[in-house]
Every structure is written in structure tokens, then in C-alpha cells.
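Trainee: I have a model open and would like to go through it. Can you take my questions in order?

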Amino acid sequence: PARAGRGINVMVFPDSNRAELSSGVVSEYVANPFLIDGRKSDLRLYVALLSLDPLRGFLHRNGYVRFAALPYSLADLSPQST
């Protein structure tokens, strides 16, 4: 992402007030994440939906997986500075 992400231009909407956008990234907080070797991970998949009923779309083959640099812990919830 541009400028390495960092939450720039990120908009958060509660479920009751979702914006009607034509494109974007959908993300949901997971309270009890699946850990791999004690670290959080995420998948970035690129999908183009053509239709919802019937469900039709394309999955791009260049997705990726990221792993957290530090083990997951609820002990310190303060943001990490770089």
C-alpha cells in the first residue's frame, strides 16, 4: 500500500453506519486470533466479484501471507512505535 499503510486514509464505520463505497478493503477485528507459532498472521487475497447471486468471481494468484514480528500478547495493548 501507499506509504506502507500505517492507517493513512483508513475509515472505520460501526455496523449500523457503513458507508456505501464502490471499492475498498473489508476487515474485521478478531478477538481470539488463530496463532501460528505464537504469532498473528493475515492473508491478503485479491478478489474481483462479478456477481453475488450466483456467486461468481476471480481470485488473483498473487496474494500473500504476513506474520507478526513479535509473539501475540494481551499484556501490552499500547501501539508499537517504529
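Mentor: What follows is a short walk through this predicted model, from the overall fold to single residues.

Trainee: What does the secondary structure come to?

Mentor: The protein chain has four strands and zero helices. Read from the N terminus, the order is β-β-β-β.

Trainee: And how much of the chain counts as buried?

Mentor: Of its 82 residues, 2% are buried. The chain exposes about 8300 Å², and 56% of that area is supplied by carbon and sulfur atoms.

Trainee: Which residues form the nonpolar patch on the surface?

Mentor: Phe34, Ile36, Leu43, Leu45, Val47, Leu49, Leu52, Leu55, Leu59, Val65 and Phe67. Together they have about 1200 Å² of accessible area.

Trainee: Which strands supply at least two residues each?

Mentor: Strand 2 (47-52), strand 3 (55-59) and strand 4 (64-67) do. Strand 2 gives the largest share, with three residues.

Trainee: Where is Ile36 found, then?

Mentor: Ile36 sits in the segment before strand 1, which spans 41-44. Its relative accessible area is 37%, so Ile36 is partly exposed. The patch takes residues with over 30% relative accessible area, so that value puts Ile36 above the cut-off.

Trainee: Changing topic. How many salt bridges does the count come to?

Mentor: One. The side chains of Arg66 and Asp42 meet in it, at 3.1 Å from N to O.

Trainee: What about Pro33, where does that lie?

Mentor: Pro33 is in the segment before strand 1.

Trainee: Why does Pro33 count as buried?

Mentor: Because its relative accessibility is 15%, and buried means under 20%.

Trainee: Which residues does Pro33 touch?

Mentor: Leaving aside residues up to four places away in sequence, Pro33 touches Lys40 and Tyr72. Tyr72 is 39 residues from Pro33 along the chain, and their C-alpha atoms are separated by 9.1 Å.

Notes:
Residues are numbered from 1 along each chain as its sequence is written. This is a predicted model: local features need pLDDT of at least 70, side-chain atom pairs count only at pLDDT 80 or more; totals for chains, interfaces and linings use all residues. Side-chain values use heavy atoms; hydrogens and water are left out. Buried means under 20% relative accessible area, exposed over 50%, partly exposed in between (1.4 Å probe, protein chains only). Accessible areas come from the Shrake-Rupley method with a 1.4 Å probe; for residues, only the protein chains shown count as cover. Patches are made of residues with over 30% relative accessible area and no salt bridge: like charges are joined within 9 Å, nonpolar side chains (Val, Leu, Ile, Met, Phe, Trp, Tyr) within 5 Å. A salt bridge is a side-chain nitrogen of Lys or Arg within 4 Å of a carboxyl oxygen of Asp or Glu. Contact means heavy atoms within 4.5 Å.
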